[in-house]
Amino acid sequence: MPCRPDELRTLFLFEALTDRQLEMLCASGHVEQYEPGPICVEGEPATCLYVLIEGELVMSKLSGGQDIETNRTSQRGVYCGAWRAFTGQPQHQSYDATVYVTKPSRFFVLDAPAFARFMKDQFPMAVHLLDGMAVGLERTRRIIANREKLLALGQLSAGLTHQLNNPAAATVRAAAELRQRVAGMRQKLAMLADGTVTPEALRALVRLQEELAVQVAKAPSANMSAIETADLEDAVGGWLEDHGVEDGWDIAPTFVEGGVDTDWLERIAAATEDLGSATSLEKAIRWLSYTVEGELLLNQILEASKRISALVADAKQYSQLDRAPFQVADVHELLRSTLTMFADRLGPNARGGAAIQVVKELDKSLPQIPCYPGDLNQVFTNIIDNAIAAMRDEGGTLTIRTRREGEKMARIEICDTGPGVPDEVRERIFEPFFTTKPVGEGTGLGLDLAWNIVVKKHRGDLRVQSVPGDTRFIVLLPLEVPAAADSTE
């Protein structure tokens, strides 16, 4: 349809323009009538600016896999589409909402490049100011977002170092004790082989030693109750005392921990019968006790090494250093690796705060989801960090819950029993730079970053529900790749 400058002047958006500027707009654009239906779709390239002349439009945003209506209006002059094209920012080059009309409606339509040229030619100072503001805000957000990530990484690194220190120290201690036990074993072996032990008896003892090593490796005492352990220690200690083994009660706990009972002791006694003295039996007992102690120390070293390997694997899983940016991933593995990074701040011995219990209610039937795993770990990190901070003084329970949300979404809930989020704060909680923490402790971008990752990057939804004693952050993620997935930050 033909564009008339006098009609454009009746729209509040253009009422202050000169006649020449209105003629320029009419020359570059046109008037178009749309029947009920969409005129632009969220996520698609922003090619046109639309200004309502008459009719009604509805604006919606994708949230949780559904279009949620955000505005409905018949006001003449309202605009939508590529209204930020003149800034030149990449993130402004796609429609940020879906717009459709409910009845036949007329729009003034202007191509995005023509709109950008008009603004730069006619309002260069305003464009510079607005563009500078957009660039500055984006740069500030990126700098502080990176700082937020580095701060989180620093905290998690400190926690990981603390966690690694315990098994590493245990390994060092066990290795030092093992050296002493091996030295003692060599001395006892020399005493056994001083000519008073027949080759047959020595071979029998060596066979028993090998069997004991296998026995201890199975850690048979791990499944015994405290009462069963105490009863067995009494039986073993009594047997050793009855057979003249000095300080037998001190040896008994080691034997019991290694799975040696009175039947084993009888076999040792049988192997040394031909030695003809209780002294030789005692030497054999002490030699084999060194074997048990050595194997138990090897078990400690093995367990500590496994713990270190598991921590390193969790750190690798958390950082996703060896993974492609976009892939399918098990959300439970992502949550587990993130919780591992917080292990020193959780549990009964939480560092720097009261005890925090972790409860997991996981739907293991939940399939793998298409996502950016490293980014989701950042989301979980920011939310869990806030939950721990909320419970730091009084302690409480951190609950991680997963399940399906309908047919198309995965639902992850991160809940805490802290004091809750007040209504006036909850309304602004996802705003950039908004924080309730003291100056210097929070950047206000942790939840803004989480929102952008979940909503914009994954086409999901992020919500918060809170009453005192029950705050829930709900993350909804598509189970399938969204049609208009945005791969940019």
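This is a predicted model: local features need pLDDT of at least 70, side-chain atom pairs count only at pLDDT 80 or more; totals for chains, interfaces and linings use all residues.
**Exercise 1. Describe the chain as a whole: its helices and strands, its buried share and its surface.**

Solution. Start with the secondary structure: the chain has 13 helices and 15 strands. Next take burial: the chain has 489 residues, and 44% of them count as buried. The accessible surface is about 24,800 Å², and carbon and sulfur atoms account for 53% of that area. Last, look at contacts between residues at least 6 apart in sequence: 74% of these join residues at least 24 apart.

**Exercise 2. Find how helix H11 and helix H13 are oriented to each other, and which residues meet.**

Solution. Two packed helices are described by the angle between their axes and the distance between the axes.

Step 1. Locate the helices: H11 covers residues 373–390 and H13 covers residues 446–457. Their axes come within 9 Å and cross at roughly 140°.

Step 2. Classify the angle. Over 145 degrees would count as roughly antiparallel, and 65 to 115 as roughly perpendicular. The crossing of the two helices is left-handed.

Step 3. List the residues in contact. From H11 come Asp375, Leu376, Gln378, Val379, Asn382, Ile383 and Asn386; from H13 come Gly446, Leu447, Leu449, Ala450, Ile453, Val454 and Lys457. Sorted by class, this contact has 8 nonpolar, 4 polar and 2 charged residues.

**Exercise 3. Repeat the analysis for helix H6 and helix H7.**

Solution. Step 1. H6 spans residues 226–242 and H7 spans residues 248–257. The axes come within 8 Å, and the crossing angle is roughly 135°.

Step 1. The helices H6 and H7 are therefore oblique to each other. H6 passes H7 in a right-handed crossing.

Step 2. On the H6 side the contact has Thr229, Leu232, Glu233, Asp234, Val236, Gly237, Gly238, Leu240 and Glu241. On the H7 side it has Gly248, Trp249, Ile251, Ala252, Pro253, Phe255 and Val256. By class, the contact of H6 with H7 holds 9 nonpolar, 4 polar and 3 charged residues.

Step 3. Turn to one residue, Gly237 in helix H6. With 0% relative accessibility, Gly237 counts as buried. Leaving aside neighbours within four places in sequence, Gly237 is in contact with Gly248, Trp249 and Ala252. Gly237 and Gly248 are 11 residues apart along the chain, and 5.6 Å separates their C-alpha atoms.

**Exercise 4. State where Arg459 lies, what its phi value is, and whether it is buried or exposed.**

Solution. Arg459 sits in the loop between H13 and strand E14, which covers 461–467. Its phi is near 55°, a positive value in a residue other than glycine. The relative accessibility of Arg459 is 11%, which is under 20%, so this residue counts as buried.

Note on methods
Residues are numbered from 1 along each chain as its sequence is written. Side-chain values use heavy atoms; hydrogens and water are left out. Axes are lines fitted to C-alpha atoms, for helices over the stretch in contact, and angles run from 0 to 180 degrees between N-to-C directions. Helices (H or I, at least four residues) and strands (E, at least two) are DSSP runs, numbered from the N terminus. A crossing is left-handed if the near helix is turned anticlockwise from the far one by less than a right angle, and right-handed if clockwise. Contact means heavy atoms within 4.5 Å. Ala, Val, Leu, Ile, Met, Phe, Trp, Tyr, Cys and Pro count as nonpolar, Asp, Glu, Lys and Arg as charged, and the others, Gly among them, as polar. Buried means under 20% relative accessible area, exposed over 50%, partly exposed in between (1.4 Å probe, protein chains only). Accessible areas come from the Shrake-Rupley method with a 1.4 Å probe; for residues, only the protein chains shown count as cover. Angles under 35 degrees count as roughly parallel, over 145 as roughly antiparallel, 65 to 115 as roughly perpendicular and the rest as oblique.
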